[in-house]
Amino acid sequence: MMQPTPRIRTATAAARNLALACLAACLAACAFSTFAFADEEHGEYASARDYGSQKQVGVYGMTPISASDVAEGTYSVEARTSSSFFAFEDVQLEVRDGKMHARFTMTSGSYTLVYPGSAEDAAAAPYDDYIEIDPDGDVFEMDVPALNQPFECAAYSKRKNMWYDRQVLIEASSLPEGALPYEVPDYDFVEDAIKAYGKPIPGTPEAIEAEKQKEAQREQAMADPAAANAAADGPDGVPIDLEDGTYSIEVNMTGGSGRASVSSPTWLVVRDGKAYARLLWSSSYYDYMVVEDTTYYNETTDGGNSTFTIPITTMDEPMGVIADTTAMGDPVEIEYQLTFYQDTVGSASQVPQEAAISVLKLSLAVIIVGGIANYLVKRHRKRAQGTKVTRR
């Protein structure tokens, strides 16, 4: 067999090296195109603790509806969002060629960009992937994957200069008659039925007896709500490796309309090695909270913002609660989710209200010390003046 000459071997090696160099260049170009064009100006996104109240946009049992089920046309529809700050006054849904596309008109000019995905992905994406919100009317357009199904829509805050995770759900029930070949269930009715499941039927002896017991508990709580909450036969707080006492912990709340909030950090109360939270609301209209079917009453008795001490049943994941408000006249129970972050536990002085008290005490101490010092100086001057007069 004929062996390749040195010249042929050299040419072969050179070709191989050239091919490897080209491959390396291609890989470098791919990496550069993937990472180098991330828009640094819009590279910040909100952490879980930066969020205010958020609402759940999905309803139990909702079945997603694809474009193939909707007759082609343009429809005025309604959309739910996870934040009251990210709301729409008009949504136009266009169905064409097996796809759905929507034109959203916002109620405020709080955002400049949106992105069809998570806030974290938006922060790493190039500017060309962003959807600009037209400032003349606060309008943007976006593809809709399905109706009756929440989809991610990151929004860039003009004031905070960071991306926020938002969810949007377009309700199929808001389509006009004839747009769907079938009738959509009343999911709100289904959800209300699920909430009522297991509870006594109104007007029955069981319901009347349950209401009597609840009224007796209310009367007991009126005398000393803090003691009544501490003695409530409810769920225990999660075990925590801290000595009994009062600490601070950060909490994030979602749900409701977004108008009310709880102070964060809030008080973490440890009793018998179990974790409880003392929550201060931004409103004085909350009269009770419910945790796992146990009612806890407002501990504020001087007319200030509502305060509750409730068990923390889980850490670092949402914990469902109900809070009753009278702000709208008739009492209304509202569902919220509270997330307590165990790695944020600190001293009680980190609670804003405790810090304010510390500052007030320090100010009073300074005033008192200053007053005493001023008195002593004046007294010393009077004595010195008296000595001079005596010498004369």
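## About the model

Residues are numbered from 1 along each chain as its sequence is written, and side-chain values use heavy atoms, leaving out hydrogens and water. As the model is predicted, local features need pLDDT of at least 70 and side-chain atom pairs count only at pLDDT 80 or more, while totals for chains, interfaces and linings use all residues.

Let's start in the loop between α5 (225-231) and β12 (245-255), where Ile-240 lies. Helices (H or I, at least four residues) and strands (E, at least two) are DSSP runs, numbered from the N terminus. Ile-240 counts as buried because its relative accessibility is 10%; buried means under 20% relative accessible area, with a 1.4 Å probe and protein chains only.

Leaving aside residues up to four places away in sequence, Ile-240 touches Leu-268, Val-270, Gly-273, Lys-274, Ala-275, Met-315 and Gln-342. Contact here means heavy atoms within 4.5 Å. Asp-272 is 32 residues from Ile-240 along the chain, and their C-alpha atoms are separated by 9.4 Å.

## Strand β13 and its partners

Next comes β13 (residues 266-271): five of its six residues are buried, so the strand is largely enclosed by the rest of the structure. β13 pairs with β12 in the antiparallel sense over five bridges (two strands pair if DSSP finds at least two bridges between them). In β13, Val-270 has Gly-245 opposite.

β14 (residues 274-280) also pairs with β13, antiparallel and over five bridges, and here Arg-278 of β14 stands opposite Trp-267. β13 and β14 form a hairpin with two residues between them, and Asp-272 in the turn has a positive phi of about 55°.

Methods
Buried means under 20% relative accessible area, exposed over 50%, partly exposed in between (1.4 Å probe, protein chains only).
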